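Please look over the sequence and the structure below before reading on.

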Amino acid sequence: MTDTDDRVRADKWLWAARFYRTRSLAKDAIEGGKVHCDGQRVKVSKEVKIGMEFTVRQGFEEKTVIVKALSEVRGPATTAQLLYEETPESVARRAHEAEQRKAQNLAYPDHRPNKKERRQIHKFQDSWGD
């Protein structure tokens, strides 16, 4: 971790904080509009300062984090977790969205119908048209 007076590029910080596996993936995410800082789109060379609020979209999840420390080097995951703090609203929103996705998947069966079940489905569909 670096001193509080230092500044780090946004792509380097996102990589060091382990949001993305490589700096090029972090760069692509920033250029693709998946990373916002204080409500504004970010450029790759944006200088990150302590106290900034980042919104990072990864797949279905969108995290809102506050920068707590700066680092240009990628270290262990335990060290990376010290670089930021996720807001309680973000944690609650992600949990709610995960429940919603899980509830939507309950409508789908666990397996494909076998031959007997397919015959029953076709028989039901044929009788429905009468």
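What follows goes from the whole chain to the sheet and then to the charged side chains.

The model shown here is predicted, and its protein chain holds five helices and seven strands. Followed along the sequence, these elements come in the pattern β-α-α-β-β-β-β-β-α-β-α-α. As for overall dimensions, the C-alpha atoms of the protein chain fill a box of roughly 75 × 30 × 30 Å along the principal axes. The radius of gyration of the protein chain is 22 Å, whereas a compact globule of 130 residues would have a value near 14 Å. Of these 130 residues, 26% count as buried, and the protein chain exposes about 9500 Å², of which carbon and sulfur atoms supply 50%. When contacts between residues at least 6 apart in sequence are considered, 46% of them join residues at least 24 apart.

Strands of a sheet pair through backbone hydrogen bonds, and they may do so in a parallel or an antiparallel way. In this model, five strands form an open sheet in the order β3-β2-β5-β6-β7, with antiparallel pairing. Its edges are formed by β3, residues 40-41, and β7, residues 84-86, each of which pairs on one side only. Further in, strand β2 (residues 35-37) runs antiparallel to strand β5 (residues 53-58), and three bridges join the two; C37, for instance, has F54 in β5 as its bridge partner. Helix α4, which covers residues 88-105, lies across β6 (61-67) and β7, and runs at about 170° to β6.

Side chains of opposite charge can pair when their charged atoms come close. The count of salt bridges in this model comes to eight. In one of them, E47 is joined to R7, with the closest N and O atoms 3.6 Å apart. Because E47 belongs to strand β4 (residues 47-48) and R7 to the segment before β1 (8-9), the pair ties together parts that are 40 residues apart in sequence. E47 counts as partly exposed at 40% relative accessibility, and R7 is also partly exposed, with a relative accessible area of 47%.

Another salt bridge links the side chains of E62 and R57, at 2.9 Å from N to O. Here E62 is partly exposed, having a relative accessible area of 24%, and R57 counts as partly exposed at 36% relative accessibility. R94 forms a salt bridge with E86, and the closest N and O atoms of this pair are 2.8 Å apart.

Terms used
Residues numbered from 1 in each chain as written. Predicted model: local features only at pLDDT ≥ 70, side-chain atom pairs only at ≥ 80, totals over all residues. Heavy atoms only, no water. Pairing = 2+ DSSP bridges. Helix = DSSP H or I, 4+ residues; strand = E, 2+ residues; numbered from the N terminus. Contact = heavy atoms within 4.5 Å. Axes fitted to C-alpha atoms, helices over the stretch in contact; angles between N-to-C directions. Rg over C-alpha atoms; globule rule 2.2 N^0.38 Å. Buried < 20%, exposed > 50% of the residue type's maximum accessible area, 1.4 Å probe, protein only. Areas by Shrake-Rupley, 256 points an atom, 1.4 Å probe, with all protein chains shown as cover. Salt bridge = Lys/Arg side-chain N within 4 Å of Asp/Glu carboxyl O.
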